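Me: Hi! Could you walk me through this structure while I have it open?
Reply: Happy to. Let's go piece by piece.

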Amino acid sequence: MDLLGYGAFFLTTALIFSLVTLGLNLQWGLTGLFNVGLAGFVAIGAYTSALLTTPDDAVRLGGFGLPILVGWLGAMVVGGIAAALTGMATLRLRSDYLAITTFGVAVVVQLVALNAQKLTGGPFGIGFIPRPFGSLAETPLLFNLSNLAVVSVVTLIAYLALEHLSRSPWGRVLKALREDERAAISLGKSARFYRVQAFAVGGAIMALAGALQAHFTGFIAPDNYLPILTFQVWVMLIVGGSGSNLGAVIGSVLVWAIWAGSGTLTSILFPPEQQARAAALQIAAIGVMLCVILLIRPNGLLGDRLRRPRFGKRAKVATAKSISPS
Amino acid sequence: MSLQFVVDGLLTGSMIGLGAIGVTLTYSILRFSNFAHGDFMAWGTYATLAVVGAIGATFGKVAPIAPFSFGWPLIVALVVGMAFTALLALLLDKVLFSRLRSQGQAIIVVMASFGASMALRSLLEFTFTSRPTYFSRAIQIAMPVGFGIRITPDQIALLLLTAVLVLGVHLLMTRTQTGRSMQALSQNAALARVVGIDVGSVVRVTWVIGGALACVAGVMIGILVQIRPFMGFDMLLPMFAAAILGGIGSIPGAVLGGLIIGLAEAGAVQLIGAEWRAAVSFIILMAVLFVRPIGVFGVRER
């Protein structure tokens, strides 16, 4: 029974991660937009939803006590707007500028979360966030399973919607822009407009994931949204294979299993006073893993970026493409 | 508002500027924004600290040079640390960046630098723990220099060191064959190859300059503030903002950008409060991207 409960808890967390990874896959895998501040967008979603749904609190703004679904919608809207603004500022420039700006967004969101006590509760965070099926909290198993069901449904909806989007004309334009911008523009597609849209939708999905997480744990604090989160999600996407939504989900579950497993292992193997150091070693190992995957298998498990097939008719086309200057 | 913020700003600006030189060079010559640059700073500082410790263990306690808080061991250690950081940058390029560069996707290199940054920083945390340390715990008396400004001997020495280093790099870039090759490569890589510029050696010089200056910037932070594994990562946004504000590829621009951001940060600390300091570089960055994305001394991309 304990194991089942833990399994449900584990899967819930993994699926929330895969929702973030799906958002990143839309931005990076499909459109080629580099977001190194995704922790910021996740945090925006979590705090927005928390502000909208928590009961009234005297020491900070709001606590509007709205239904959870309103919180989720609000999170998506605010996250989407934040991403759209970021995109509008940078998407007409070189791709690196977007990377640097998103990095800055994460830094600023972290600062606001820490220092704007009136809005975010400061370093102590926000507690008493309503949890779906909170009445079941006395029986953890039932609570975990029902939460897993909610998160699974949301992830499934997002997955199906993204699959549909990536096959729709809209998704094909994004892919075209990623592969050959000049050709796509010559067909009359506005590169910047489409990219801002993709970036905004991706940001909204990340914010939704942040909101889900907030309502699952019932408590949020700035520490949940450090750069390490950004990094974990990137590893998940790269392992799963950027460009593939299924890969994003599988990569998330797999990497989260490795992460949680190695975390349990270090907590067993190392004495309490060495825990922090062991955790640092764990992060270093994952960092090396990311670099190694980029070096030896940049397409991940299920990536769709097979640029150079070795045999057959496609091989010739692909080679011709790779020779011509981009 | 006291004028003390000018000194504080110039010092912070020097640290940012020295770091931004490396960022702007890697960006213009290797064409990627290196997220691991801040961690070069931290590694250089810890290497310097380790050498100071080793010298202390061999020669016993060395008295500091008269007005300063440090003695000859720190100067020797800084040189060793600069060499070490340069080697670290070269090594990372050899095992990681150069291979990914040859695959031709610039943004993959950025991501790899992000992964490398995480790994490097965590290794420091593993080895030295996240507790802050210091080169010296001695407290210096700041001398009044008029207009309500006070400055310590250490701060004067470091400002002078920055000026000398910036001038040196500037002369190297403009007056030597190596520097001209670097400029050529950043302006038009294909044409630079055609006229027979040794790309490999230019890339190595870029990493050596960037790494060595990152180490100096880190040691400055170590002397004036404190040494932590995150010290470099926290400097990343100001460094990028300075490089973009000054114009990518421009050494004077990077330093000027660093000084502007340093002064703005110091001013904001006095006016608004120290906790919002990190937002200053973001605001400046956004303003530059909206108003003049090529920066002060930048050239339009061709």
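**A chat about two chains**

Me: Let's start with a helix pair. At what angle do α2 and α3 of chain A pack?
Reply: Helix α2 of chain A, residues 38-53, packs against α3(A) at an angle of about 145°, and their axes are 8 Å apart. Keep in mind that this is a predicted model.

Me: And which hand does the crossing of α2(A) and α3(A) have, right or left?
Reply: α2(A) passes α3(A) in a right-handed crossing.

Me: Which residues make that contact?
Reply: From α2(A), they include Phe41(A), Ile44(A), Gly45(A) and Leu52(A). From α3(A), Trp72(A), Gly74(A), Ala75(A) and Val78(A) are among them. By class, the contact of α2(A) with α3(A) has 10 nonpolar residues, 7 polar ones and no charged ones.

Me: New topic: the two chains. How many residues of chain A are in contact with chain B?
Reply: 32 residues of chain A are in contact with 33 residues of chain B. On the chain A side, α3 (68-90), α4 (95-115), α10 (227-240) and α12 (275-296) each supply at least two residues.

Me: What classes of residue are on that side of chain A?
Reply: The side of chain A that touches chain B has 24 nonpolar, 6 polar and 2 charged residues.

Me: Now α9(A). How many residues does it have, and how far does it reach?
Reply: α9(A) covers residues 191-217, which is 27 residues. From its first C-alpha to its last it reaches 39 Å, close to the 39 Å expected at 1.5 Å a residue.

Me: Is α9(A) mostly covered or mostly open?
Reply: Mostly covered: 20 of the 27 residues of α9(A) are buried. Just after this helix, Gly218(A) takes a positive phi of about 80°.

Me: Why does Phe128(A) count as partly exposed?
Reply: Because Phe128(A) has 13 C-beta neighbours inside 10 Å; a residue counts as buried at 20 or more and as exposed at 12 or fewer.

Me: What about Thr129 in chain B?
Reply: Thr129(B) is not a glycine, yet it has a positive phi of about 55°. Thr129(B) lies in the loop between α4 (106-128) and β1 (143-144) of chain B. Thr129(B) is partly exposed, because 15 other C-beta atoms lie within 10 Å.

Note on methods:
Residues are numbered from 1 along each chain as its sequence is written. Chains are lettered from A and ligands numbered from 1 in the order in which they are written. This is a predicted model: local features need pLDDT of at least 70, side-chain atom pairs count only at pLDDT 80 or more; totals for chains, interfaces and linings use all residues. Helices (H or I, at least four residues) and strands (E, at least two) are DSSP runs, numbered from the N terminus. The expected span of a helix is 1.5 Å times one less than its number of residues. Two residues are in contact if their C-beta atoms, placed from the backbone, lie within 7 Å. Ala, Val, Leu, Ile, Met, Phe, Trp, Tyr, Cys and Pro count as nonpolar, Asp, Glu, Lys and Arg as charged, and the others, Gly among them, as polar. Axes are lines fitted to C-alpha atoms, for helices over the stretch in contact, and angles run from 0 to 180 degrees between N-to-C directions. A crossing is left-handed if the near helix is turned anticlockwise from the far one by less than a right angle, and right-handed if clockwise.
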